Amino acid sequence: MSSTFDTTKSRNTIIDVKGKDDPEKVVIVSGHIDSWDVGQGAMDDGGGMIISWLAPVALHHLNLKPRRTLRAILWTAEEPGLVGAQAYLKKHMSELKNINFIMESDEGTFKPRGLSVAGSTEARCLIAEILKLFSPIDKLEETDYPGSDITLIVDKGVPGASLLNDNERYYWFHHSEADTLNVLNMTDVIDCAAFWAAVSYVIADMPTDIPRVSPIYT
Ligand SMILES: [Zn+2]
């Protein structure tokens, strides 16, 4: 039997590495910081949250500054209904035109395979070219729904992607008491983190913006 308790205040956590040429333009990596109340939430979404947190942290430690700002967003309250993502969208509606690309990892951090990409044909072609740098982590799947939280922003015309990984076992553990740290293989999580940081850095440092599907809908 489940029950719902009163809500309380919580916040999205945002980490930026400021862009050196166009700091107002952002490339976003993200995962959610809350979890289902059974288990530990290690897989959903501890893995996605930690690799997203690590992307700007790794760039900072390596003293790498991309042209655009690289932003990690750790969404709050995804599970009750994308509450943090809705609040972010509402507050940042006028800045949507500055989001060049948005990424989410919320379906496992097993062995990384590539990206599931939403956007125009031109955007997907450009991402496919970038993925060639990461062979054999270079698979590109096309989707219109590249995640849960970020779909709110992708629906406004911003191109985006989610992490493709060997997550066939994801729903063995999802939202259950079995979602604990021992489900995660640390070598795979580190590979996901390295891929996530490197691919977001390359996108944030591209000389041209990722082409948009259409004008931003506000
Ligand atoms: Zn999740």
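How are the donor residues of the zinc ion spaced in sequence? The pattern is H-x11-D-x61-D. This is a predicted model.

**The zinc site**

- The protein donors of the zinc ion are His32 (NE2), Asp44 (OD), Asp106 (OD) and Asp106 (OD). They lie 1.9 to 2.7 Å from the ion.
- The angles among the four donor atoms run from 53 to 149 degrees, and the site is irregular. A tetrahedral site would need all angles between 85 and 135 degrees.
- For comparison, the ideal angle for four tetrahedral donors is 109.5 degrees.
- Aspartate 44 sits in helix H1 (residues 42-62). Aspartate 106 sits in the loop between strand E4 (99-104) and strand E5 (112-118). The two are 62 residues apart, so this pair links distant parts of the chain.
- Aspartate 44 is buried, with a relative accessible area of 4%. Aspartate 106 also counts as buried, at 11% relative accessibility.

**Strands and their partners**

- Six of the seven residues of E5 are buried, so the rest of the structure largely encloses this strand.
- E5 pairs with strand E7 (residues 160-165) through six bridges, and the two run antiparallel. Valine 117 has alanine 161 of E7 as its bridge partner. Proline 112 stands opposite asparagine 165 in E7.
- E5 also pairs with strand E6 (residues 139-142), through four bridges, and these two run parallel. Glycine 114 has lysine 139 of E6 as its bridge partner.
- Between E5 and E6 the chain passes through helix H3 (residues 121-131). This β-α-β crossover is right-handed.
- Six of the six residues of E7 are buried, so E7 is largely enclosed by the rest of the structure.
- E7 has a parallel link to E4 as well, made by three bridges. There, glutamate 104 is paired with serine 162 of E7.

**Nonpolar cores**

- In soluble globular proteins, nonpolar side chains tend to be buried together.
- Here the largest nonpolar core has 39 residues. Those with the most contacts inside it are Phe101, Met103, Leu115, Ile127, Phe195, Val199 and Ile203.
- Helix H6 (residues 186-204) gives this core its largest share, 10 residues.
- What does phenylalanine 195 touch, not counting residues up to four places away in sequence? Its contacts are Pro112, Gly114, Leu115, Leu131, Phe134, Ile137 and Leu163.
- A second, separate core has 16 residues, including Tyr88, Leu89, Ile153 and Val154.

- Most residues other than glycine have a negative phi, and most peptide bonds are trans.
- The peptide bond from aspartate 44 to aspartate 45 is cis, with omega near 10 degrees. Aspartate 45 belongs to helix H1. Aspartate 44 is also one of the zinc donors.
- Serine 135 and proline 136 are joined by a cis peptide bond too, with omega about 15 degrees. Proline 136 lies in the loop between H3 and E6.
- Leucine 82 has a positive phi, near 55 degrees. Its place is the loop between strand E3 (68-75) and helix H2 (83-91).
- Histidine 175 has a positive phi of about 55 degrees, although it is not a glycine. Histidine 175 lies in the loop between helix H5 (170-173) and H6.
- Is histidine 175 buried or partly exposed? It is partly exposed, with a relative accessible area of 26%.

Definitions and conventions. Residues are numbered from 1 along each chain as its sequence is written. This is a predicted model: local features need pLDDT of at least 70, side-chain atom pairs count only at pLDDT 80 or more; totals for chains, interfaces and linings use all residues. Side-chain values use heavy atoms; hydrogens and water are left out. Donors are N, O and S atoms within 2.8 Å of the metal (3.2 Å for Na, K and Ca); water is not among the atoms, so sites may look incomplete. Four donors count as tetrahedral if all angles lie between 85 and 135 degrees; four count as square planar and six as octahedral if opposite donors are over 155 degrees apart and all others between 65 and 115; anything else is irregular. Buried means under 20% relative accessible area, exposed over 50%, partly exposed in between (1.4 Å probe, protein chains only). Two strands pair if DSSP finds at least two bridges between them. A crossover is right-handed if, with the strands pointing away from the viewer, the path from the first strand over the helix to the second runs clockwise. A nonpolar core is a set of buried Ala, Val, Leu, Ile, Met, Phe, Trp, Tyr and Cys residues joined through side-chain atoms within 4.5 Å. Contact means heavy atoms within 4.5 Å.
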